[in-house]
Amino acid sequence: MFNNLTEFSSFETRAITPENPTGEKGKAAMTASNLGKSRKGRASITLPQNEEVTIAEIKGAGVIKHLWFTIRDHTEMGSFIMRNTILRIYWDNETVPAVNCPLGDFFCNGFGERYNVNSCPIVVAPSGGMNSYFEMPFKKAAKITITNLFKQDIRSFFYTINYELHEEADVKNKLYFHAYWNRERETKIKQDYSLLPQINDYGYYIGTFIALTALERYWWGEGEFKFYLDNDQEFPTVTSTGMEDYFGGAWAFHQNNQDGTTSMATFCTPYLGFPYHSNIDHSREHFSTGKPNSPHAFGNDGLPQNALYRWHLVDPIEFKQNIHVTLQQIGNDDIGLFERSDDLSSVAYWYGSKAAGIKTDLPTLTNLRPR
């Protein structure tokens with residue numbers, strides 16, 4: 001990564017923010033506040049309810065290098081804001097977005113929850129600074145939008161989009177970045193969950209995020225990931241020995257506690273991690289409807305939630321014609337394996353030659369709502 005800095009390459013550095021929404025040269029930090037001219041007059045915007053708001057529209061060829069977003073995660077109308085705001089990214093004037101994903105899930109914050117993530121391409125820093133370092137080339141244009149499906153307007157959405165403008169020849173052979181979100185509120189017994197439906201293209205599969213809410217007892221992570229490559233039929237070419245193995249762990253992420261009990265150990269590394277495990281409902285923390293009665297929720301009645309990521313940045317999975325990615329739902333009750341059903345959502349990340357993504361309908365609020 002750093003060797004690119006020792007040889008000068010001509011491009012133009014730009015940044016889009018609420019104060020400079022076009023990224024124009026010499027037009028940043030111009031807005032006034034009560035402190036005076038050019039004193040942080042517009043650091044955020046409001047996202048109107050049920051509107052797709054364009055936060056960046058770039059003409060020409062270039063590469064998005066860094067995204068930084070932050071947003072309120074609790075209001076008097078409830079939680080789950082990060083699950084009810086949808087991030088879309090369109091390349092080269094396509095009408096089908098290449099990225100179509102709840103905002104939180106794109107940044108590995110599942111369940112509408114906020115927690116820290118410390119990895120190479122995705123970092124969520126205290127208290128909710130969401131960062132992406134995925135390189136995102138484009139050849140003609142790029143557009144980024146946020147759609148607010150929450151119950152009210154969302155105030156205080158902050159963002160910075162750092163990008164480079166290049167000559168078209170610099171990016172003509174580059175692949176397009178994609179991210180696809182899927183969810184099954186109850187996976188079907190003996191039917192593999194689809195992380196990525198078959199796409200006909202060539203490129204590299206580069207990452208997986210899983211947000212799994214356990215709906216049954218005992219260990220949930222025995223299922224294998226299956227990568228069907230280039231016309232694989234009944235059986236895939238690449239697989240894993242189990243879910244926790246794919247995410248770099250082992251033996252159900254167990255840790256032994258001083259009191260003699262065992263529990264799960266969360267962790268973050270540059271390329272894989274298990275950043276979040278909880279069976280506590282945090283959705284009513286710092287929450288008030290303004291009514292005299294207390295909230296109808298209790299912190300200890302949450303279902304077990306588990307978030308995991310794996311980046312194939314140093315071990316990309318190549319496909320030349322097509323790819324299809326699935327995951328089994330298999331558990332272990334300490335006596336043997338068993339087929340199980342859980343609430344599973346996921347984000348699949350890849351680079352491909354096509355600018356358009358997978359055409360899907362807008363998620364309903366029912367399907368977005370975490371358990």
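R83, F111, R183, A211, T213, D343, S345, P370 and R371 form the lining of the largest cavity. Two elements each give two or more residues to that lining: strand 15 (203-213) and strand 27 (343-352). Sorted by class, the lining of the largest cavity has four charged, three nonpolar and two polar residues. Do keep in mind that this is a predicted model.

How many cavities of 30 Å³ or more does the structure hold? There are three of them. The second largest cavity is lined by P97, A98, V99, N100, A179, Y180, W350, G357 and I358. Here strand 6 (99-102) and strand 13 (176-184) each supply at least two lining residues.

Now for the open space. The largest pocket holds about 1300 Å³. Its lining counts 31 residues, and N4, V63, K65, Y133 and E135 are the closest to the pocket's centre. Strand 4 (61-70), strand 12 (154-166), helix 3 (168-171) and strand 15 are the elements that give two or more residues to this lining. The classes here are 18 nonpolar, seven polar and six charged residues.

For quick reference, here are the volumes:

| Space | Volume |
|---|---|
| Largest cavity | about 50 Å³ |
| Second largest cavity | about 40 Å³ |
| Largest pocket | about 1300 Å³ |

Strand 15 gives two or more residues to the lining of the largest cavity, and strand 15 also gives two or more to the lining of the largest pocket.

Methods. Residues numbered from 1 in each chain as written. Predicted model: local features only at pLDDT ≥ 70, side-chain atom pairs only at ≥ 80, totals over all residues. Heavy atoms only, no water. 1 Å grid on protein atoms, 1.4 Å probe; cavity = no way out; pocket = protein on both sides within 12 Å on 5 of 7 lines; lining within 4 Å. Points joined across faces, edges and corners; volume = space filled by probe spheres on them. Helix = DSSP H or I, 4+ residues; strand = E, 2+ residues; numbered from the N terminus. Nonpolar A, V, L, I, M, F, W, Y, C, P; charged D, E, K, R; others polar.
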